[in-house]
Amino acid sequence: MSTLTNGLSPRKYVSFTRRDIDRMPQLQRLGESTLTSMKALSAVLPFRVNNYVVEDLIDWNNIPNDPIFQLTFPQPGMLDDADLTAITRMIERGASDEAIRARARQVQLGMNPHPSGQMELNVPVHDGVPLSGMQHKYRETLLFFPSQGQTCHAYCTYCFRWAQFVGIDELKFAARESESLTKYVTDHPEITSVLITGGDPMIMRTKLLERYLDPLLEIDHLLSIRIGTKAPAYWPYRFVTDRDADDLLRLFERVNAAGKHLALMTHYSHPRELSTPIAEEALRRIQSTGAVVRCQAPLIRHVNDDADIWAEMWRMQVRLGAVPYYMFVERDTGPKDYFELPLVRAWEIFRNAYKQVSGLGRTVRGPSMSAKPGKVLVHGLSRIGDERVFALSFLQARNPDWIGRIFFARFDTHATWLDQLVPTGGAREFFFEPEMRWLEDERRRETPSHPVRAEIPHTRHAPSARGKIRLPRSHPPGWIARH
Ligand code: SF4
């Protein structure tokens, strides 16, 4: 263990999953029927929590409304009543694990496990073969999913990557994945930023993380490395007292010394996650290496659907030296009916929180939908003639030419996602939709029925074949994720 830091003692990580529901003392006050229902819910949705979250973050006198309880423990409203009743009855009847798993899988497949074209559109293709473990949706940025980082210190009930925790997705890699990452980035000079993501890459030991990061430091055109993580919220000991915490900080320092910008894209859902001494110390130590902490989270009903909560969170982040970065709209996957808010409400919450913070907190952008064509920002409400409209634009897009172009949708009190919005002025579709359709058709033609491959073959492919766009003549030029 590293030495005590600022009087904070090392803590042994203990996780709790579905199997521990009957054994967790904090849960026993909830009564047997609630626990059975929790077992039914966690047969469908991933459930994992740890001793820090349970003992230090949840207020057990405020159950079930406590936001961190809502964030980490499955709740009855997350499943359709009929599905929940059916699985609960199976548990009460003593049905086999296999039968419960089969019924749960039916429910999971009906919950849009792969939102926003993650599987069909984002995975890079080499010689017509999709490369698993990477996503190249935006020109400059490659997402990389190391196999050992595909779990988390605790699971968020609203996680949009929930499908990989219940075994639906196949995002896992084979042995030489680190080489594949380095080779892919080396071969693609347009990539200036790699985002290592998961799950949570910070679940990996430092030695493993080094195997991915160190080779990247040799690539000149790579300017920044981002690590997507919720460890500073769910297990801040990772950066303070865990056995290899100091080695991790040395690795961060190496990235900076190599002239790369290192950003921890940290997921904080509620100010309470920033309020403990260990959470503050984790942030202090991360930033002492030169790394920048940027903070992002979705807006979630039952967890943080209040402007004051966001304003407080952004103020705390600024005080601790971190950068408020994104407020996301909850994605169209998993138990979204339980968590989602209408876009107009999301915009009101964002605006009312934004008004409360100083300029240093106004680095945040949102509410933003990570939709199939790109990240769409809800600027706000306006009027065109007599019509009330949403003003929208792309913060990031599959085609960079779409970025920053304001477009309008008819005002709709109930709409919660881009695909529910209708263009204004009688237009039948938004300006990006024809190109999007073309891209999807092309992708289907290019990758008919290939198995996903984990590695890039070691023959060099012609640079001229990369990054070229073969749009029909009528299409505007621009980069679209094609490899
Ligand atoms: S930490 Fe991130 S990847 Fe892990 S469960 Fe939460 S949202 Fe999902």
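**Entry 1: P64**

I began with P64, which touches F69 and Q75 once residues up to four places away in sequence are left out. Two residues are in contact if their C-beta atoms, placed from the backbone, lie within 7 Å. The model is a predicted one: local features need pLDDT of at least 70, side-chain atom pairs count only at pLDDT 80 or more, and totals for chains, interfaces and linings use all residues. Residues are numbered from 1 along each chain as its sequence is written.

I looked up where P64 sits, and found it in the loop between α2 (51-57) and α3 (67-72). Helices (H or I, at least four residues) and strands (E, at least two) are DSSP runs, numbered from the N terminus. A cis peptide bond joins I63 to P64, with omega about 10 degrees.

Is P64 buried or exposed? I noted that P64 is exposed, because 12 other C-beta atoms lie within 10 Å. The rule is that a residue is buried with 20 or more other C-beta atoms within 10 Å of its own, exposed with 12 or fewer, and partly exposed in between; the C-beta atoms are placed from the backbone. I also took one distance: P64 and L30 are 34 residues apart in sequence and 9.3 Å apart in space, C-alpha to C-alpha.

**Entry 2: the whole chain**

I counted 16 helices and 15 strands in the secondary structure of the chain. Of its 483 residues, 43% count as buried. Among contacts with a separation of 6 or more, 76% are between residues 24 or more positions apart.

Next I checked the confidence. The chain averages a pLDDT of 88, and 87% of the residues score at least 70; pLDDT is the predictor's confidence in each residue, from 0 to 100. Over residues 171-175 the pLDDT is below 50, and this stretch has 14 contacts in the model beyond near neighbours in sequence. Over residues 450-478 the pLDDT is also below 50, with 45 contacts beyond near neighbours in sequence. Where pLDDT is low, the predicted coordinates should not be read in detail.

**Entry 3: helix α11**

At 1.5 Å a residue its 13 residues should span 18 Å, and its end C-alpha atoms are 19 Å apart, which agrees. The expected span is 1.5 Å times one less than the number of residues.

Which residues of α11 are buried? I listed A245, L248, F252 and V255. Seen down the axis of α11, the buried residues fall within an arc of 70 degrees, so they line one face of the helix. The arc is that of the directions from the helix axis to the C-beta atoms. An α-helix has 3.6 residues a turn, so residues three or four places apart point the same way.

On the other side of α11, R250 and A257 are exposed. The buried residues pack against α9 (206-216), β8 (224-229), β9 (261-267) and α12 (277-288). Just after α11, I found G259 with a positive phi of about 85 degrees.

**Entry 4: helix α15**

I did the length check again on α15 (residues 343-354). Its 12 residues reach 16 Å from first C-alpha to last, close to the 16 Å expected at 1.5 Å a residue. The buried residues in α15 are L343, V344, A346, W347, I349, F350 and A353. Their cover includes β10, α13, β11 (323-329), β12 (365-370), β13 (374-384) and β14 (387-397).

**Entry 5: around the ligand**

I listed the residues around the ligand: C152, Y155, C156, C159, R161, G198, G199, D200, K230 and H267. A residue is near a molecule if its C-beta atom, placed from the backbone, lies within 6 Å of it. By class, this shell has four nonpolar, three polar and three charged residues. Here Ala, Val, Leu, Ile, Met, Phe, Trp, Tyr, Cys and Pro count as nonpolar, Asp, Glu, Lys and Arg as charged, and the others, Gly among them, as polar.

The peptide bond from G198 to G199 is cis, with omega near 25 degrees. I placed G199 in the loop between β7 (193-196) and α9.

**Entry 6: H302**

I found H302 in the loop between β10 (292-299) and α13 (307-319). H302 has a positive phi of about 80 degrees, although it is not a glycine. With 19 C-beta neighbours inside 10 Å, H302 counts as partly exposed.
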